[in-house]
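Let's take a walk through this one together.

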Amino acid sequence: MCCEALPHIRAIAPYVPGKPIAELAREFGLNEANIVKLASNENPLGVSPKARAAVAAALDDLALYPDGNGFALKQALSARLGVGAEQIVLGNGSNDVLELAARVFLAPGRSAVFAEHAFAVYPLAIAACNATPIQVPACNFGHDLTAMRTAIRADTAMVFIANPNNPTGTLLSNAALADFLASVPTRVCVVLDEAYTEFLDTPSDALAWLARYPNLIVTRTFSKAYGLAGLRVGYALASVEVADLINRLRQPFNVNSLALLAAEAALDDADFLAQSKQVNAEGRTQLVAGFKRLKLETIPSAGNFICVKVGATAEAAQTVYQALLRRGVIVRPVGNYGLHGYLRVSIGLLHQNARLLAALGEVLS
Ligand SMILES: *Cc1c(COP(=O)(O)O)cnc(C)c1O
């Protein structure tokens, strides 16, 4: 064993990302062009044309450091969302701001509450701070806010909520969230992760709640509906005080210059956003109907992905996952989320969804 690594770091189970297309092509000798990846909730339409043009126009400036304050993007977000620029923290993906927020509030001797089947980054961020994780059993695969409220202890400093949640796609009602926020002691920081909010017909009242709850942090991302996962840019919205604290921990240049420009342009590309939402809604209908034809159970999803039950155990799901890989289709096993027997399928273009359904039909017959 090398060095005196901290035991709580050694105990962290690494995050398992979706298998990259190039890796599958290498492993199975497949042609990359024939591989369908529905494994990382990426935008199947690719990148917004406006964002693409902004990146292309900025390539000659790569010798320069980015604007460490992200002035232009914050101004654009501020105008769009109606929150002050000083309430915004920009991150290298929203993953970055989730971790930074955890480091502001968590340490040994403090605990953080999150739900069973919730996004894997929460327990990772809690573990990295050597704080105590409190995982609250899910209710119908979704967050049980009543139980989460009850789970808050004297040493609890944070609660993580994903809405919709990944990987389950479960959605909480506005009323339930409002009640929860009203009931939580203000000393407890509530993170409301809205990575998929752009796909909702009715977004939450999160922006209004920000004005009322100084302990609320809302996180969002350009990785999903805006199609910029590869550039890494997301943000947190919070009270001026909390945003200032998170900003102190931020690396001075945590968001790169291309990401800043692309995000600003994407924010302005209403057509692309509308198209992303529509393609997702159509794909969701197609996949739900397809899974039903195959007599497979699904968890109703509000996101750009669907969990489908393909077997009785995690091992059975793993076998189906492997068989799909051999057919050039990458999805995501979610046994590590306690969703045994399920696979998570990101919603793709119609022909990609059809490929997945056909391959799944073959594998299960
Ligand atoms: C994808 C995702 C994120 C963050 O993605 P970034 O690419 O880091 O912005 C955050 N929360 C949830 C629930 C997600 O699914």
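Which polar side-chain atom lies 2.7 Å from an oxygen atom of the ligand? It belongs to R232. On its own the ligand has 390 Å² of accessible area (Shrake-Rupley method, 1.4 Å probe), and the protein covers 94% of that.

A quick word on what you're looking at: this is a predicted model, where local features need pLDDT of at least 70, side-chain atom pairs count only at pLDDT 80 or more, and totals for chains, interfaces and linings use all residues. Residues are numbered from 1 along each chain as its sequence is written, and side-chain values use heavy atoms, with hydrogens and water left out.

Now zoom out to the domains. The assignment, automatic or from a database, gives domain 1 as 18–46 + 271–364 and domain 2 as 49–267. Their centres, taken over C-alpha atoms, are 26 Å apart. Where they meet, 24 residues of domain 1 are in contact (heavy atoms within 4.5 Å) with 24 residues of domain 2.

Finally, look for K277 and D201. Their side chains form a salt bridge at 3.2 Å, N to O; the term asks for a side-chain nitrogen of Lys or Arg within 4 Å of a carboxyl oxygen of Asp or Glu. Between domain 1 and domain 2 the count is one salt bridge.

Conventions
Polar contact = N/O pair within 3.5 Å; in protein donor to acceptor, adjacent residues only side chain to side chain.
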